[in-house]
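Here is a short report on one protein chain.

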Amino acid sequence: MIKAILFDLDGVLVHSFDAWFATVNQAASFFGNESIKEKDFRASYGESTEEDVRKFFPNQTVKSVDDFYENHFISNIKHLKVAPDAVNVFQKLKDIGLFTVIVTNTSHDLALDILNIANLKPDKLIGGDDVVNAKPDPEMIFKAFDYLKVKDSEILYVGDSVYDQEAAKSAGVKFVGIGGINGDNTISNLTELIDLIS
């Protein structure tokens, strides 16, 4: 019996690669680093800010980069695309009594801004700075367990990356792949999630 659906944010509910790519290059310019090539950013897209610092901003702190992201991502919001079925799917999940939780490596405040722009209102948001270890570590999923008071067998986790897949596997929850990644179940759009749990 499924009681809750956990969602990654980027690549699942919103598509923000172009917005993030513009933002990290603004950060590179601001911090005096070389511009970041698209292929290099794509290879690390979805990882934590810690990984961004390690790969792109080695002389900065995680806090300074996170602060830059939070202050400048919004200037690139025109590049953000909301998944066309996201709002309707959230409403249907609410109608059938399922909890929704966002687990994202994006910082909490910035993720909240994105969710507000996308008109998505989950029951809980767990951002990258709400835990010690970001995905692929399962800490976010365990934090969702504690909040929801549910068992691993009562959760589905929807994600689009190997980091999501690894976190789900480590936490012992069923993984629903979307956006080209396979899982215990694989869907091509969010509407198919409703059919999957019906």
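## Charged pairs at the surface

Lys 39 is exposed, at 60% relative accessible area. This is a predicted model. Lys 39 forms a salt bridge with Asp 40, and their closest N and O atoms are 3.4 Å apart. Asp 40 counts as partly exposed, with 35% relative accessibility.

A second pair joins Arg 54 and Glu 51. Their closest N and O atoms are 2.8 Å apart. Both residues lie in helix H3, three residues apart, which is about one turn of the helix. Arg 54 is exposed, at 55% relative accessible area. Glu 51 is partly exposed, at 23%.

## A buried salt bridge

Now take Asp 164 and Lys 135. Their side chains meet in a salt bridge, with 2.8 Å from N to O. Asp 164 sits in helix H8 (residues 162–171), while Lys 135 sits in the loop between strand S5 (124–126) and helix H7 (139–148), so this pair ties together parts 29 residues apart in sequence. Are these two residues buried or exposed? Both Asp 164 and Lys 135 are buried.

The pair belongs to a network. Salt bridges with shared partners join Asp 8, Lys 135 and Asp 164. The count of salt bridges comes to eight.

## The nonpolar core

In soluble globular proteins, nonpolar side chains tend to be buried together. Here the largest nonpolar core holds 46 residues. Which of them touch the most other members? They are Phe 7, Leu 13, Phe 57, Tyr 69 and Leu 190. Several elements supply at least two core residues each, among them strand S1 (4–7), helix H4 (62–72), helix H6 (108–118) and strand S6 (155–159). The largest share comes from H1, with eight residues.

Look at Phe 7. Beyond its neighbours within four places in sequence, its contacts include Val 12, Leu 13, Phe 90, Leu 93, Tyr 157 and Leu 190. There is also a second, separate core of 21 residues. Ala 4, Val 131, Ala 144 and Ala 168 are included in that second core.

Which residues of H5 are buried? Ala 86, Val 89, Phe 90 and Leu 93 are. Seen down the helix axis, the buried residues of H5 fall within an arc of 100 degrees, so they line one face of the helix.

That buried set packs against S1, strand S3 (81–82), strand S4 (99–103) and H9. Asn 88 and Asp 95, on the other side of H5, are exposed. Just after H5 comes Gly 97, which takes a positive phi of about 85 degrees.

## The whole chain

The C-alpha trace spans about 50 × 30 × 25 Å along its principal axes.

How much of the chain counts as buried? The share is 48% of the 198 residues. Among contacts between residues at least 6 apart in sequence, 60% join residues at least 24 apart. The accessible surface comes to about 9700 Å². Of that surface, 49% belongs to carbon and sulfur atoms.

Methods
Residues are numbered from 1 along each chain as its sequence is written. This is a predicted model: local features need pLDDT of at least 70, side-chain atom pairs count only at pLDDT 80 or more; totals for chains, interfaces and linings use all residues. Side-chain values use heavy atoms; hydrogens and water are left out. A nonpolar core is a set of buried Ala, Val, Leu, Ile, Met, Phe, Trp, Tyr and Cys residues joined through side-chain atoms within 4.5 Å. Buried means under 20% relative accessible area, exposed over 50%, partly exposed in between (1.4 Å probe, protein chains only). Helices (H or I, at least four residues) and strands (E, at least two) are DSSP runs, numbered from the N terminus. Contact means heavy atoms within 4.5 Å. A salt bridge is a side-chain nitrogen of Lys or Arg within 4 Å of a carboxyl oxygen of Asp or Glu. Accessible areas come from the Shrake-Rupley method with a 1.4 Å probe; for residues, only the protein chains shown count as cover. The arc is that of the directions from the helix axis to the C-beta atoms.
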